[in-house]
Amino acid sequence: MEAKVNGCILRLVKGDITKRKVDVIVNAANRQLLPGGGVCGAIHRAAGPELAKECAEIGFCDTGEAVITKGYSLPAKFVIHTVGPVYSGSEEDPKLLSSCYGNSLKLAVKNRLDSIAFPSISTGIFGYPIEKASKVALSTIIDFLEKSGKPSLVEMVLFSKTDFDVYKNTLEDLLKD
Ligand code: ADP
């Protein structure tokens with residue numbers, strides 16, 4: 001599914017983010033920037049050991065912030081590592097999750113990267129309910145595109161059909177307003 005926002009494409013894809021041939025993919029990282037499990041483990045496996053080396057040199061990234069590295073053996077040229085909140089039910093959760101998407105998009109534009117793919121940040125091991133997370137993710141991306149008119153392609157890459165359907169319903173709702 002695809003939508004046009006201020007001349008840019010916002011696309012929902014069901015698949016594996018490590019296979020996306022875009023300028024930059026986003027990693028749902030941890031604050032220590034260690035390989036770990038989930039999508040983070042998959043990205044590190046596909047990129048090769050040099051990615052963990054560069055992450056170790058950076059050393060730390062706070063929740064809601066983002067840092068950039070090269071993509072090494074990935075089809076994507078770069079990786080933006082952002083740390084989502086561990087879901088707690090507090091009002092900080094959506095603010096921090098929104099910062100992850102906003103700061104990643106800012107960093108991509110700053111580095112003149114014109115296509116970016118996101119996973120569903122925080123909705124795996126970090127426990128963020130996916131319906132709530134999908135609203136934060138998509139509304140933050142849409143706001144950013146409306147304000148800046150770039151990057152020209154933003155993908156949300158959903159690993160399962162169920163996750164894809166949740167994002168699809170949320171996007172359809174947001175486009176109605
Ligand atoms: P977090 O710790 O931020 O919750 P996870 O990696 O546990 O991160 O999960 C984030 C989302 O990424 C989950 O919905 C999970 O199903 C999904 N995911 C796992 N592997 C991949 C992959 N290779 N490509 C895209 N999404 C993935």
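Me: What classes of residue make up the shell around the ligand?
Reply: Happy to go through it. In this predicted model, the shell has seven nonpolar, six polar and two charged residues.

Me: And how many residues surround the ligand, and which are the closest?
Reply: There are 15 residues around the ligand. Asp 16, Val 39, Ser 122, Gly 124 and Ile 125 are the closest.

Me: Which helix gives the most to that shell?
Reply: That would be helix 1, covering residues 38–47, which supplies three residues.

Me: Nice. What does the side chain of Asp 16 do with the ligand?
Reply: One of the polar side-chain atoms of Asp 16 is 2.9 Å from a ligand nitrogen atom.

Me: How much of the ligand's accessible area does the protein cover?
Reply: On its own the ligand has 570 Å² of accessible area, and the protein covers 89% of that.

Me: Where does the ligand sit?
Reply: You'll find the ligand in the largest pocket.

Me: Switching topic: how many salt bridges does the structure hold?
Reply: Ten salt bridges. One of them pairs Arg 11 with Glu 155, with 3.0 Å between the closest N and O atoms.

Me: Now the backbone. Where is there a cis peptide bond?
Reply: Between Lys 150 and Pro 151, where omega is about 0°. Pro 151 is in the loop that runs between helix 4 (130–148) and strand 7.

Me: And what is the phi of Leu 33?
Reply: Leu 33 has a positive phi of about 60°, although this residue is not a glycine. Look for Leu 33 in the loop between strand 3 (24–29) and helix 1.

Me: What do most residues and peptide bonds do, in general?
Reply: Most residues other than glycine have a negative phi, and most peptide bonds are trans. That is why I'd point out both spots when looking over the backbone.

Notes: Residues are numbered from 1 along each chain as its sequence is written. This is a predicted model: local features need pLDDT of at least 70, side-chain atom pairs count only at pLDDT 80 or more; totals for chains, interfaces and linings use all residues. Side-chain values use heavy atoms; hydrogens and water are left out. A residue is near a molecule or strand if one of its heavy atoms lies within 4 Å of it. A polar contact is a pair of N or O atoms within 3.5 Å; within protein, one must be able to donate a hydrogen and the other to accept it, and residues adjacent in sequence count only if both atoms are side-chain atoms. Accessible areas come from the Shrake-Rupley method with a 1.4 Å probe; for residues, only the protein chains shown count as cover. On a 1 Å grid over the protein atoms alone, a cavity is a set of points where a 1.4 Å probe fits but cannot get out, and a pocket is an open set with protein on both sides within 12 Å along at least five of seven lines; lining residues have an atom within 4 Å of a point. A molecule sits in a cavity or pocket if more than half of its atoms lie within 2 Å of its grid points. Helices (H or I, at least four residues) and strands (E, at least two) are DSSP runs, numbered from the N terminus. Ala, Val, Leu, Ile, Met, Phe, Trp, Tyr, Cys and Pro count as nonpolar, Asp, Glu, Lys and Arg as charged, and the others, Gly among them, as polar. A salt bridge is a side-chain nitrogen of Lys or Arg within 4 Å of a carboxyl oxygen of Asp or Glu.
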